[in-house]
Amino acid sequence: MAVYRTVVVGTDGSDSSFAAVDKAAGVAGDAGATLVVVCAYHPASRQDVERAQDELGDEAYQVVGSAPAEDTLQSARDRAAKAGATNIETVALEGQPVDMLRKVVKDRKADLLVVGNRGLNTLAGRILGSVPAEVARKSGVDVLIVHTT
């Protein structure tokens, strides 16, 4: 089996994606590899920001912009450390998940990409495409699809 040096895993904060983080952390820990946890997000519209500020006041920062992604990444980092990863980096990027995962794989010269299987066997996933299927086709590196559902 190949020894991986850089493992990239995507998370959106769902239980399914956190299961993928756990698996990726175990692989990275066993290999002594760097684990890069990625969360792609879309910025909130001005209308959403104003509505959040009206309803939440000073707490609005928690649900707009990149704050939810940063919170997700902190939770993922904590899980990864518990699962055995020792060198953990996190990246929040604005954009589509597949595009951002491919970008990080390329930029970090990763040799393994880990994703959960959510959406892989759904009707919507078959019609519209799913993150696991798309990254498996387009990433150019080994892809581990973790059975999470």
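1. Helices here are DSSP runs of H or I with at least four residues, and strands are runs of E with at least two, numbered from the N terminus. The model under discussion is a predicted one, and in it R79 is found in helix α3, which covers residues 67-82.

2. Which residues does R79 contact once its neighbours within four places in sequence are left aside? They are F18 and D22. For D22, which is 57 residues away from R79 along the chain, the C-alpha atoms of the two residues are separated by 6.5 Å.

3. Turning to the sheet, 5 strands make up an open arrangement with parallel pairing, in the order β3-β2-β1-β4-β5. The edges are taken by β3 (87-94) and β5 (142-146), each of which has a single partner strand, so that one side of each is left without a neighbour in the sheet. From one strand to the next, the twist averages 20°.

4. Within this sheet, strand β1 (residues 6-10) and strand β2 (residues 34-41) run parallel and are joined by 5 bridges. As for G10, its bridge partner in β2 is V38.

5. Helix α1, comprising residues 15-31, lies across β1, β2, β4 (112-116) and β5, and the helix runs at about 170° to β1.

Key:
Residues numbered from 1 in each chain as written. Predicted model: local features only at pLDDT ≥ 70, side-chain atom pairs only at ≥ 80, totals over all residues. Heavy atoms only, no water. Contact = heavy atoms within 4.5 Å. Pairing = 2+ DSSP bridges. Axes fitted to C-alpha atoms, helices over the stretch in contact; angles between N-to-C directions.
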